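Please load the model in a viewer and follow the stops below in order. Each stop says what to select and what is found there.

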Amino acid sequence: MTRFFSSGAIEFGPWSPSKAGVLAECPLKYIFQYIEKPSLSEEDKLMQDDSVLVMGSAVHKYAENLTCGMDKTSAEEDAFVDIPKTKKNLLTIRSQKRGIHSFKERMDAFKAKNKVILDKAELRLAVDPDLKSVDFWDYGSVLRGVLDRLIIIERNGAQHAIAIDIKTGKRKPVEEYTLQLESYGVLIHSAYEVESVSMAAYFSSTGDLDWYPRVVNKSDINKDNPVFTQINGLIDSIAPSNFNVGRHCNWCQYKLLCEKERDNL
């Protein structure tokens, strides 16, 4: 039997692209956030501006609402209800809505030209160490992912999947999302009988749809897949002494606690 995840990867699972990203950025932050989970005292708390994350979640909710058939007014009222109505936020909402409307039009046009088998928004998928599909919250899951949009079509007697992740921030090279998009390939092949998985990132701020250069076929789900090599390769870096100091520290909620920890080390 092919072994995809190392024993260490299984021990520290379940993994997601964001969780692996934290470990790659700073192992000490990873320990605080996913293992020790310390309760920060008032003096150790660092005030964080999470407005970007809140806005991003609202935009994703708006896109999900439209996919589920809500009219634009109801979708907006439901998605952006908790966003402070400042002038800056209203302008951001305006531009993001424009991008999501364009995305919906492109998806509707694509669906009209193809035989659609499945169309899901905010789909949660997970697999166990043997890459068998399991419930997202299953205790034995080792890899999880939330797909902003999954469309499966039938063409020439075979089914093909298209997975698209919506990005609400600045446009970046699609290769920077390799682990996330390749994870979709693993998760979709485990959950559905598809011949191929094509992945893309849609930037709602610009309206650009950037396709990942590789189409993932069933044969690509092997031990050399980037998902397994990257996650397995990160395991050896899990140690309190492996901390990375940089600009990212300015926004880390564990900044003050980390400084004390480094002094002790």
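Where is the place of Ser237? Select Ser237: its place is in the loop between α8 and α9. The model is a predicted one. Ser237 has a relative accessible area of 19% and is buried, because the cut-off for that label is under 20%. Now show its surroundings. Leaving aside neighbours within four places in sequence, Ser237 is in contact with Leu23, Pro27 and Asn242.

**Aromatic pairs**

Next, turn to the rings. A search of the whole structure finds nine aromatic pairs. Select Trp15 and Tyr30 as one of them: this pair is stacked, with 5.8 Å centre to centre and 10 degrees between the planes. Trp15 lies in the loop between α1 (7-11) and α2 (17-25), while Tyr30 belongs to helix α3 (residues 27-36), so the pair ties together parts that are 15 residues apart in sequence. Both Trp15 and Tyr30 are buried.

Stay in helix α3 and select Phe32 together with Tyr254. These two rings form a tilted aromatic pair, 5.3 Å centre to centre and with 35 degrees between the planes. Phe32 is in helix α3 and Tyr254 in the loop between α8 (226-234) and α9 (255-264), so this pair ties together parts that are 222 residues apart in sequence. Are these two residues buried or exposed? Phe32 counts as buried at 3% relative accessibility, and Tyr254 counts as buried at 6%.

**Charges over rings**

The charged end of Lys19 sits over the ring of Trp15, 5.1 Å from the ring centre. Then select Arg124 and Phe136: Arg124 lies over the face of Phe136, at 5.1 Å from the ring centre.

Select Phe4, Phe5 and Phe228, which form one aromatic cluster.

Definitions and conventions:
Residues numbered from 1 in each chain as written. Predicted model: local features only at pLDDT ≥ 70, side-chain atom pairs only at ≥ 80, totals over all residues. Heavy atoms only, no water. Phe/Tyr/Trp six-rings, centres within 6.5 Å; stacked < 30°, edge-to-face > 60°. Helix = DSSP H or I, 4+ residues; strand = E, 2+ residues; numbered from the N terminus. Buried < 20%, exposed > 50% of the residue type's maximum accessible area, 1.4 Å probe, protein only. Lys NZ or Arg CZ within 6 Å of the ring centre and 35° of its normal. Contact = heavy atoms within 4.5 Å.
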